[in-house]
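Here is a short tour of a few local features. Look at the sequence and the model first, then read on.

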Amino acid sequence: MSARTEEPELPSNGLGYQPRIPSPKPLGYTSTPGPDTLEIRLEFGGGLHLLFSQQPRHTIHVPRHVPSSSPPKPSDMRYLIRWLKGNLLSEREEMFGEGDGVRPGILVLINDADWELEGELEYELRDRDEVVFISTLHGG
Amino acid sequence: MSGPSTVKTDAESTPERPLSLDEYERYGRQMIMPGWGLPGQLRLKQARVAVVGAGGLGCPVLQYLAGTGVGTIEIFDHDLVSKSNLHRQILHTTERIGMSKAVSASLAMQSLNPNVRVIPREEAIQPSTALARLRDSDIIIDCTDRPMTRYLLNDAAVRLGKPLVSGAAISSAGQWAVYGGSAKGQKRACYRCLWPALLPGAAGRCEDVGVWGVVTGMVGTGMASEVIKLLLGNEDPNPLLHIFHLGGVPLVRTIKMKPPSPKCKACGPDATITDDLAEADYDEFCEAVLVDELTGEVVGAPGERVGAKDFASLIGKGDVIVVDTRPEIEYGIASIPHTLNIPLDRILSNPLEVPTRQEVIFLCRQGNDSQLAASALRAALTPDTPVSTGEALADGAGAPAAAVPRVRDVRGGLRAWARDVDPSFPLY
Ligand SMILES: [Zn+2]
């Protein structure tokens with residue numbers, strides 16, 4: 001079995017988007033793993049990748065605690081969404097976020113479970129969590 | 001053929017032998033599996049399902065339901081078979097182009113398995129007819145491609161208390177799940193619980209965005225297996241949503257669905273949707289563009305659009321620039337000379353990137369995207385923008401037409417071009 005980093009050799013790359021030449025650097029954040037960061041794997045489906053530099057998958061490192069919170073508050077989904085808007089979102093913010101959360105019509109999964117089962121915005125992130133954002137599809 | 005000659009060989013079944021000999025032989029490979037057996041096969045035979053849509057998802061669903069021996073299969077589809085369907089709608093044939101999809105699919109199914117009863121209905125499910133048409137079915141299967149019908153079928157399934165197997169596929173991605181009804185006594189979330197609102201711009205259709213035939217095939221096959229599991233009484237105890245992505249690792253991601261939402265308009269305690277579905281509001285799920293009923297073309301304000309024949313006389317003129325808004329990959333398939341390719345998403349994110357002359361004309365495949373591009377550029381060029389305002393005011397009353405470029409788009413796009421101007425232009 002190949003690792004998940006491998007992309008198939010198809011003209012359209014099989015993912016429904018055109019790869020930009022060359023593969024763009026995700027905008028405005030430095031991916032620095034360290035003892036004070038959490039590694040979070042992100043995936044955007046159902047067309048949402050268009051809002052994130054046209055990349056369906058990202059691996060990011062976010063602070064383990066919400067910066068300048070005292071006492072130190074563990075990073076949660078609320079912080080992750082704020083972080084995404086500030087660091088990773090490359091297109092119109094109103095297409096993704098609404099208030100502290102995401103727009104209705106976007107399903108959020110934390111480790112393959114609907115985030116409503118995990119506490120939604122209050123869910124505390126853990127190292128190597130996988131968070132997936134998808135919107136519904138209609139074609140047939 | 002191995003039995004003694006005294007054994008009945010006709011198709012008649014008896015209480016002791018509830019299937020015909022043909023059926024025992026035909027279904028043997030599935031009946032011998034644990035959890036299936038003769039009782040399972042009889043459950044399939046007694047079942048009645050409604051499949052809405054005999055297209056990319058409907059074809060694999062119908063094919064496997066017929067093959068597996070679901071007793072009565074009703075097909076709703078008002079559309080006709082066209083050539084551009086055939087790469088994915090694999091029950092239809094080249095000979096049956098122009099035939100009703102419901103009838104074409106039923107022919108294929110009857111030749112696959114004459115033991116099942118297939119009822120083709122050449123009609124679309126409407127808010128006013130949904131409950132009456134779907135009442136007799138055990139399961140409702142949504143193989144449609146429009147958001148409005150998806151929500152309508154969900155609401156009908158909720159009102160009738162029947163499970164809905166709903167799937168969708170576009171480009172290289174798909175998803176499917178069982179919604180509504182209950183699993184082992186637990187109510188399942190309905191489609192609206194999970195997808196309470198439509199994301200603007202998310203309503204992509206296969207004819208605009210494209211789709212892999214194998215992707216509708218895999219999603220449809222997944223849907224058919226959910227239907228069979230439900231009929232056998234072997235459904236997943238915890239409702240699951242399957243998300244499929246060609247090129248994804250893993251290929252199919254299966255997630256636990258949340259329980260029904262207390263806020264749901266269809267199935268929640270304060271639901272506002274009643275049996276009177278004709279009164280329910282589905283407008284929010286319709287496409288935003290106005291389409292002419294007769295021509296199927298988008299309606300625009302007077303003077304904002306140009307017909308293909310008039311457009312032909314404008315190409316190549318020095319003061320006219322023609323911008324083709326299709327994706328690069330489509331422009332590479334076929335294009336008109338003297339046109340400039342700037343894909344729609346680039347125009348929308350920065351309309352002023354379009355080089356303007358006295359006149360700008362947008363062109364696309366069907367005349368929808370070009371209209372979006374034209375209105376984006378028009379908005380960006382409004383007299384408020386410093387450059388054009390200054391010139392327009394300085395030059396006085398007669399000048400604004402020259403200062404602000406005229407922006408139009410081609411009605412019917414390249415389809416109209418191929419029909420009215422150049423029949424040798426390859427339509428794809
Ligand atoms: Zn619901």
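This is a predicted model. A:Glu120 counts as partly exposed because its relative accessible area is 34%, between the 20% and 50% limits. The residue sits in the loop between strand E6 (113-114) and E7 of chain A. Its backbone stands out too: phi of A:Glu120 is near 50°, a positive value in a residue other than glycine. Most residues other than glycine have a negative phi.

B:His338 is not a glycine, yet its phi is positive, about 65°. B:His338 lies in the loop between helix H11 (328-331) and strand E13 (340-341) of chain B.

The table lists relative accessible areas.

| Residue | Relative accessible area | Class |
|---|---|---|
| A:Glu120 | 34% | partly exposed |
| B:His338 | 65% | exposed |
| B:Val252 | 32% | partly exposed |
| A:Gly140 | 8% | buried |

B:Val252 belongs to strand E10 (residues 252-256) of chain B. Together with B:Met218 and B:Leu251, B:Val252 forms a nonpolar surface patch with about 210 Å² of accessible area.

Is A:Gly140 buried or exposed? A:Gly140 is buried, because its relative accessible area of 8% is under 20%. The residue is placed in the segment after strand E7 (129-135) of chain A. A:Gly140 touches residues of chain B, among them B:Gly55, B:Leu57, B:Asp145 and B:Cys206. An unreviewed UniProt entry annotates A:Gly140 as "modified residue: 1-thioglycine".

One peptide bond also deserves a look. A:Ser70 and A:Pro71 are joined by a cis peptide bond, with omega about 0°. A:Pro71 is in the loop between strand E2 (57-63) and helix H1 (77-87) of chain A. Most peptide bonds are trans.

Note on methods: Residues are numbered from 1 along each chain as its sequence is written. Chains are lettered from A and ligands numbered from 1 in the order in which they are written. This is a predicted model: local features need pLDDT of at least 70, side-chain atom pairs count only at pLDDT 80 or more; totals for chains, interfaces and linings use all residues. Side-chain values use heavy atoms; hydrogens and water are left out. Patches are made of residues with over 30% relative accessible area and no salt bridge: like charges are joined within 9 Å, nonpolar side chains (Val, Leu, Ile, Met, Phe, Trp, Tyr) within 5 Å. Accessible areas come from the Shrake-Rupley method with a 1.4 Å probe; for residues, only the protein chains shown count as cover. A salt bridge is a side-chain nitrogen of Lys or Arg within 4 Å of a carboxyl oxygen of Asp or Glu. Helices (H or I, at least four residues) and strands (E, at least two) are DSSP runs, numbered from the N terminus. Buried means under 20% relative accessible area, exposed over 50%, partly exposed in between (1.4 Å probe, protein chains only). UniProt positions are given in the numbering used here, feature names are shortened, and annotations may be inferred rather than shown by experiment. Contact means heavy atoms within 4.5 Å. Lists of a residue's contacts leave out its neighbours within four places in sequence.
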